Structures are given as structure tokens and as C-alpha cells.
Amino acid sequence: MKPRYKRAAIIGGSLVTLALAAYLVLNAFQSNLVFFFSPTQVAAGEAPKDRTFRIGGLVKEGTVKRNNLTVAFVVTDTAKEIPVSYTGILPDLFKEGKGVVAQGKLDGNGDFTATEVLAKHDENYMPPEAKAALDQAQIQKTIKSLK
């Protein structure tokens, strides 16, 4: 084999290997990507039906119901409410009226089944996405009340 063909084969093989590695990395990244949605967006049907995503807002007062390790509660952004169920141990800071982010999927009834629940860790912190969703819901609520 001539050196010119050998070089072309090495370059071609390297390009194919690089393309395959890039495809595998991007595919792994895509399958682990989790998006955030507010209860208003979930109620509007913007959230994926068959993929894991995060929902955030406030735990509505008086909605936490415990049955052994299964906990049911409602997440609200003051405009819409989404029922959530979670089986497991909740964070110590999980309380009614406080911020929460839950990761999971929607079931067939439109209820959210969480696989992970995160609570805010101090008085001043709220995830930026949850704060923005609450602010947007409050603006929409104010606009509707002015009409």
C-alpha cells in the first residue's frame, strides 16, 4: 500500500472514530437532560408526557397527606396546581407553603409521580426557575384580575 493511501485510511478512520465518539456523548447527554416546568406550563400541556422532567413551585397549604412512605401533596405557582405523589423519605426542610422542586413523570391522569423531591435549604433560597415561574404566574393572575 502506498504511503498516500495509508495516510488517507488513517485520517478517514480517525474521522469516523471521532464522529462515533461525538454521537455517543451527545446521545448520553440528551437522555440525561431534564427540563424544568412550572405548574402553569404542565397544565397547558407544554411538559413532555413520556419523559422525566422537573416541576417546581410552592407546596400548597393543607394538601400534604402521608400514608407510610407515600406522600401526596399539591405543587402550585399561585395560578395552577398539580397533584404530586412521592414514595420515599422527604427532605427535612419539606414543609407546606415552602418552595419545592420534584423530578418525575406525569401519569395517565395528569398527576405527577415524583422520583426525587428537593426542598429549599434556607430562608433566602429558591431555585431560579421556580422563582421565575412564580413571578410569571403572579403577573398573569394580576392581569386577569384587572380585566
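Modeller: Welcome! A helix here is a DSSP run of H or I with at least four residues, numbered from the N terminus. In this predicted model, helix α1 covers residues 3-32, and L20 lies in it.

Colleague: Thanks! Which residues make the nonpolar surface patch?

Modeller: L20 makes it together with Y23 and L24, and the patch is about 340 Å².

Colleague: What is V117 in contact with, leaving aside its neighbours within four places in sequence?

Modeller: Its partners are F73, Y86, L90, P91, F94, V100, V101 and A102.

Colleague: How many aromatic pairs does a search of the whole structure find, and how do I read one?

Modeller: The search finds three. In general, you describe a pair of aromatic rings by how far apart the centres are and the angle between the planes. Take F53 and F112: the ring centres are 5.2 Å apart and the planes stand at 65°, so this pair is edge-to-face. F53 sits in strand β2 and F112 in strand β7, 59 residues apart, so the pair links distant parts of the chain. Both residues are buried.

Colleague: And why is the pair of F73 and F94 edge-to-face?

Modeller: Because their planes are at 65°, with the centres 4.9 Å apart. F73 belongs to strand β4, while F94 is in the loop between β5 and β6, 21 residues apart. F73 and F94 are buried as well.

Colleague: Which residues do ring pairs link into a cluster?

Modeller: F37, F53 and F112.

Definitions and conventions. Residues numbered from 1 in each chain as written. Predicted model: local features only at pLDDT ≥ 70, side-chain atom pairs only at ≥ 80, totals over all residues. Heavy atoms only, no water. Patch = residues over 30% accessible without salt bridge, like charges linked within 9 Å, V, L, I, M, F, W, Y side chains within 5 Å. Areas by Shrake-Rupley, 256 points an atom, 1.4 Å probe, with all protein chains shown as cover. Salt bridge = Lys/Arg side-chain N within 4 Å of Asp/Glu carboxyl O. Helix = DSSP H or I, 4+ residues; strand = E, 2+ residues; numbered from the N terminus. Contact = heavy atoms within 4.5 Å. Phe/Tyr/Trp six-rings, centres within 6.5 Å; stacked < 30°, edge-to-face > 60°. Buried < 20%, exposed > 50% of the residue type's maximum accessible area, 1.4 Å probe, protein only.
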